[in-house]
Structures are given as C-alpha cells and as structure tokens.
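Please read them with the structure open.

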Amino acid sequence: MATIFSPFVSKTDNVSLIMLRVLMALIPGIALYIWFFGPAILISITLASLTALCTEALMLKMRNRPVIPFLKDNSALLTAWLLALSIPPLAPWWLVVVGTAFSIAVAKHLYGGLGNNLFNPAMVGYAVLIISFPMQMTHWIAPHGLGQVGLNFLEQLEYIFLGALPPDVTLDAITMATPLDTMKTHLHLDKTVKVILEMPIYGTFAGYGSEFVSYGFLLGGLYLLAARIINWHIPVAYLMTLFVTAGIFNLADPAHFVTPLFHWFSGAAMLGAFFILTDPVSSPTTNTGRLIFAVGAGLITYLIRAFGGFPDGTAFATLLMNICVPLIVLYTQPKVFGKKGRPS
C-alpha cells in the first residue's frame, strides 16, 4: 500500500496553485514594507528565491527525484519569501543564502521533501540564523523619517553585497531596534509603558511603519480565509490567545505590560497567524488539534516576548508546537468506525 503524506491535495497542479495564491496574499504586506522601509526587502526576497530554487533542484537531483515538477509546486518559493520577511532586509547576502539553503536542504529534504517535514522549514532557517548570527539579525532598517540617514536602492544593494556604506555614514545611522526589542530594553531600564510609547518609533498601536506592514499581512490572511485556502481555527485561536494573555497582564500591571493590540501588530504575529502556523504539513490535520496547536503557540509567543531572551517568540513558538503535532493528532483524530476507543 502506498504511503500518503500531507498536504492532502489531489493534484500537483492544485498544490502549485495554492502555493501561488499564498504568495500573492503576501504582496500587500510586502508593498507596505517597501513603502515604509525601502526596497531592500526585494533584494532579500529575490536572493532567497534563487537560493531556494537552486537548493531544491540540487537536493532533488541528489535524491533521484524529478526536478521540474517539484520546482513548479512553488513550495520552495514560499519558504524563501517567509524567511526573507522574517530577517532584517539589510542582512548580508550570505546570511540569506545560508538560512534559505539550510531551510530547504535540512529542514525540508532531510525529512523526505514536501509533505514529510516535521518542522516549518522557514522557521528552522530563522532559528539557525538568530542563534548563530545574533549580531547580523539585529540590524533592522529604520522606517522612512526615523533614521538619521536614508539609503537609496543602489546604496542598499552595495551594503548587502559588499558591506560598504556611503562616506561618513555608520550602520547605527540607518538601523534601529525593532518596536518589540525597544519596548523590552526600556522596560528593563525601569521605564513605564506609557513613557516608552511616546518615543518616535511607535505609531497608533505598535511600531511606526511596522504596524502597517502587519495590516497588509492581515489583509492577505483574510483573503486566504475567504478563499478557503486556510481554516479559521489556527489564526483565530492564535490571535485570541495572544490577545487574552496580553490583556490579563496589561490589566494587572499596565505600567509594565503593553496592550493586546500592541502584540497583535508588532513583530511577526500576523505573519505567523496566517502564513506560518497554518502550514498544512507541519500543523495538525484535525480541527480540535489546530485549536490546541494555536493556543499553545500563542501562549509561548507571549511568554517569550514578555519574559524570554528574544524580542519576538513567533518562530520558536511554531517550532516548539511542531514537535507536539504528532501527539496532538494522535489524541484528537476521530475514532475509527466500528472500533471502541482511539485507533492505535
């Protein structure tokens, strides 16, 4: 009997089309990213895409699998885009290449390719980068108007590939900490949330510019829901868990814990809710399992953000809950017809 792996789609063309529509859903967030932070993100996406396709082709060739059909399913491109959107847009070219190649070669093909991987490949690549190269992963470009100096496209290109900046321009003049990182750092300096939110880096709900990028990913996520490409269980349960948990801490101590909306529109919350956690391969296949999976991810995300050593916890929450997926599915799958108890 042939072994069947997720995602459970009847035709290869359908997988390709679904992945393509998910890529399209990312475009509003990417467009707003470019508007507020410049075109550097396009360089990262392009470099990640080329690396993903080349690594995918190499691994398929080494495994004696047909290359063209698997390259055309767009899964490698989706991994590349998600990873590129998770790391600083001014990251050096080799950082993007290393992270993307690891995501495809190790996190995906080491487990047997699409449908077999236990972990979300893009988040594995992100975890490897932030643990191995923490300094390079903190150089986030400042939104337009907040940095001391702005770089045009050619200057951004030169920095990414050559590490060169214009004369008399330092890296600190064009980069800054993320809103989540800034909040955590200043809270450790005994400042209150109200005082910190008066800094120019913050906008209406969260970071200036970055909150609009989150709106873009929310819009794309709503499209995926409307098109029934993803189910509502994971994004709703994840965002509501993050909202309720943040709300409890904020009500208990508003001077040291930010509002739920800050957590919704900061960091990778929206990207994670609709595009990362909903990966059909590394998430549960039962609706009850999806709810449990998302609630766990929401709790871990908040705990890392509020008490952990990393500013954002979306990636690590995803990976930790990926480990639990087989157990979650085992105890939430429907009973086999005609048998008592759960299937063995």
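Predicted model: local features only at pLDDT ≥ 70, side-chain atom pairs only at ≥ 80, totals over all residues.

1. Residues are numbered from 1 along each chain as its sequence is written, and side-chain values use heavy atoms, with hydrogens and water left out.

2. On helix H9: this element covers residues 179-188, helices being DSSP runs of H or I with at least four residues and strands runs of E with at least two, numbered from the N terminus. H9 is mostly covered, since 7 of its 10 residues are buried, where buried means under 20% relative accessible area, exposed over 50%, and partly exposed in between (1.4 Å probe, protein chains only). The buried residues are Pro179, Leu180, Thr182, Met183, Lys184, His186 and Leu187, and their cover includes helix H10 (193-196), helix H11 (210-226), helix H13 (260-264) and helix H15 (287-307).

3. Setting aside residues up to four places away in sequence, Leu85 touches Leu26, Ile30, Tyr33, Ile41, Ile45, Phe217 and Leu271, a contact being heavy atoms within 4.5 Å.

4. On the salt bridges: the structure holds 2 of them, each defined by a side-chain nitrogen of Lys or Arg within 4 Å of a carboxyl oxygen of Asp or Glu. In one, Glu56 pairs with Lys108, the closest N and O atoms being 3.0 Å apart; this pair links distant parts of the chain, with Glu56 in helix H3 and Lys108 in helix H6 (residues 93-108), 52 residues apart. Glu56 is buried, at a relative accessible area of 1%, and Lys108 also counts as buried, at 3%. Beyond its neighbours within four places in sequence, Lys108 is in contact with Glu56, Ser75, Ala76, Ser103, Gly113, Leu114, Asn117 and Pro121. In a further bridge, the side chains of Arg305 and Asp312 meet at 2.9 Å, N to O; Arg305 is buried at 5% relative accessibility, and Asp312 is buried at 16%.

5. Just after H3, Asn64 takes a positive phi of about 60°. In helix H6, Trp93 counts as partly exposed, at 37% relative accessibility, and touches Leu47, Ile160 and Phe161 when residues up to four places away in sequence are not counted. The C-alpha atoms of Trp93 and Ser44 are 7.6 Å apart, although these residues are 49 residues apart in sequence.

6. On two loop residues whose backbone may deserve a look: Asp168, in the loop between helix H8 (153-162) and strand E2 (175-176), has a positive phi near 65° without being a glycine, and Asp168 is exposed, with a relative accessible area of 83%. Arg228, in the loop between H11 and H12, likewise is not a glycine and has a positive phi of about 60°; Arg228 counts as exposed, at 76% relative accessibility.

7. On the surface: Trp232, Val236, Met240, Phe243, Val244, Ile248 and Leu291 form a nonpolar patch with about 600 Å² of accessible area together. Patches are made of residues with over 30% relative accessible area and no salt bridge, like charges being joined within 9 Å and nonpolar side chains (Val, Leu, Ile, Met, Phe, Trp, Tyr) within 5 Å; accessible areas come from the Shrake-Rupley method with a 1.4 Å probe, and for residues only the protein chains shown count as cover. The largest share of the patch, 5 residues, comes from helix H12 (residues 233-252). Ile248 lies in H12 and is exposed, with a relative accessible area of 53%.
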